[in-house]
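Student: May we go through this structure together, by question and answer?

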Amino acid sequence: MHSPVLVLKDSLKRESGTKVHHANIQASKAVADIIRTTLGPRSMLKMLLDASGGIVVTNDGNAILRELDVAHPAAKSMIELSRTQDEEVGDGTTSVIVLAGEMLHVAEEFINKNYHPTVICRAYNKALEDAVAVLDTIAMPIDANDRATVLGLVKSCIGTKFTSQFGDLLADLAIDATTTVGVDLGQGLREVDIKKYIKVEKVPGGQLEDSRVLKGVMFNKDVVAPGKMRRKIVNPRIILLDSPLEYKKGENQTNAELVKEEDWGVMLKIEEDYIENLCMQIVKFKPDLVITEKGLSDLACHYLSKAGVSAIRRLRKTDNNRIAKACGAVIVNRPDELQESDVGTGAGLFEVKKIGDEFFAFIVDCKDPKACTVLLRGASKDLLNEVERNLQDAMSVARNIIKNPKLVPGGGATELTVSATLKQKSSSIEGIEKWPYEAAAIAFEAIPRTLAQNCGVNVIRTMTALQGKHANGENAWIGIDGNTGAISDMKEGKIWDAYNVKAQTFKTAIEAACMLLRIDDIVSGIKKKQAPGSGQAPSKPQIETEADADSEQILHD
């Protein structure tokens with residue numbers, strides 16, 4: 001028999017766990033509800049105010065959640081999901097939150113019925129395995145080199161974004177950029193590093209149609225001495241340095257004692273000879289363009305311009321790496337170690353152009369560039385920022401296809417197929433896990449339902465019709481056309497998703513839902529600060545007396 005105190009403690013504990021589950025589920029649903037309206041091509045845009053008073057206009061799930069400031073730890077955890085999704089596959093950031101929110105929503109009923117969270121999680125994980133298996137059966141392999149197919153896929157993935165109104169433009173840019181920087185690793189594998197080797201330069205002004213992918217790189221710099229150095233060089237020989245072309249200062253305070261008047265001149269002469277020597281080591285390789293990440297003194301500038309060499313200084317390391325990849329040069333740390341093989345000869349043209357008020361250097365027409373710059377033009381900064389976000393998504397989709405060339409149907413068709421298959425399988429599952437498994441199957445319908453809501457069609461009718469078409473599992477490609485809200489074949493409408501994106505969405509959403517369900521207490525390690533001006537004096541330290549030494553207080557008669 002339990003002592004009454006222990007029994008009471010246990011029931012309190014259980015109560016607290018249930019309360020925490022409810023709080024977590026509510027917080028997660030709130031996050032999902034914020035971005036629910038941004039799913040699909042007919043989605044709404046959100047206008048966000050950031051801390052510095054600037055505005056962001058977007059319907060990219062990750063961009064919206066990044067700007068949110070939430071206090072609840074479960075909501076923070078949900079926001080991390082979209083960041084994970086964005087870094088991993090670059091698309092599906094809204095879907096993953098909507099799906100995770102729905103998974104938690106359907107779990108609430110079982111928590112109320114005192115199901116143990118572990119049981120629900122077991123059922124969910126089983127559902128996840130089966131869902132990925134369904135994806136494998138309906139995925140359609142494609143040829144990653146067939147531009148028309150890849151273009152169709154990228155278009156359908158960014159069709160939900162703001163820039164879909166500009167047609168093929170962004171999809172073309174994304175495919176050009178990713179195919180440029182793709183590197184074959186052998187054994188049929190290709191690596192595409194978007195972050196490192198594709199730079200997006202946003203230049204306000206002009207029309208969006210003027211945007212293009214350069215066969216090379218551009219950066220916001222001008223030559224050191226504009227009057228003396230050439231600003232246009234055809235087939236330039238390029239040397240890239242990572243060292244300063246100026247006299248080295250002493251590491252710490254250096255004292256030199258000059259005895260005679262002439263010593264001053266001697267000292268200056270030594271400095272000049274040092275710099276001349278540096279420049280001569282570079283000039284003997286007959287470069288047309290020298291670019292360094294560090295400083296370049298006036299004297300070095302004089303020697304280089306005398307030799308007819310253009311120079312650019314203080315370039316970012318990342319830009320220098322891109323130039324090296326584009327023109328085939330090697331970045332050298334010491335001029336005296338230069339070799340002929342370090343000189344980049346792959347570029348067709350070096351040119352400095354003025355766009356608006358700023359000078360931009362272009363190193364373009366490269367033979368086989370492994371890095372590139374996407375030049376975006378547009379009316380306003382806000383528009384350009386949104387175009388850049390959408391372009392990043394488009395490039396990620398193109399990269400996913402290069403890495404894993406498989407397609408699944410979009411428009412909620414995949415989720416409906418998964419849902420129908422899991423519903424059928426749930427009847428064969430024995431024991432208590434059957435019900436959460438079936439609930440997970442129903443939760444997958446959240447995506448097509450949200451799509452239907454955002455199209456403004458009758459949700460119940462549309463969902464019933466779709467469930468009817470998918471009930472026997474034959475028609476995996478029937479879904480919702482996000483533009484019209486009509487039920488149609490996704491193959492004909494060319495509404496596709498990348499296999500990687502879908503698989504990652506399911507995995508992230510379900511694993512996160514399981515993690516949040518297994519939390520039964522939130523313990524805060526933060527001390528509450530006393531409100532300023534509340535006027536309470538700090539409590540005096542309590543001095544223990546002998547009577548306090550024993551934990552049980554002795555009561556008076």
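Tutor: Let us begin with a definition: a residue is buried under 20% relative accessible area, exposed over 50%, and partly exposed in between (1.4 Å probe, protein chains only). The model is predicted, so local features need pLDDT of at least 70 and side-chain atom pairs count only at pLDDT 80 or more, while totals for chains, interfaces and linings use all residues. Residues are numbered from 1 along each chain as its sequence is written, and side-chain values use heavy atoms, with hydrogens and water left out.

Student: Is R230 buried, partly exposed or exposed?

Tutor: The relative accessible area of R230 is 38%. That value lies in between the cut-offs for buried and exposed. R230 is therefore partly exposed.

Student: With which residue does R230 meet in a salt bridge?

Tutor: A salt bridge is a side-chain nitrogen of Lys or Arg within 4 Å of a carboxyl oxygen of Asp or Glu. The N to O distance here is 3.3 Å.

Student: How many salt bridges does the structure hold?

Tutor: One network of salt bridges links K199, E201, R316, D319 and R322. For the structure, the number of salt bridges is 28.
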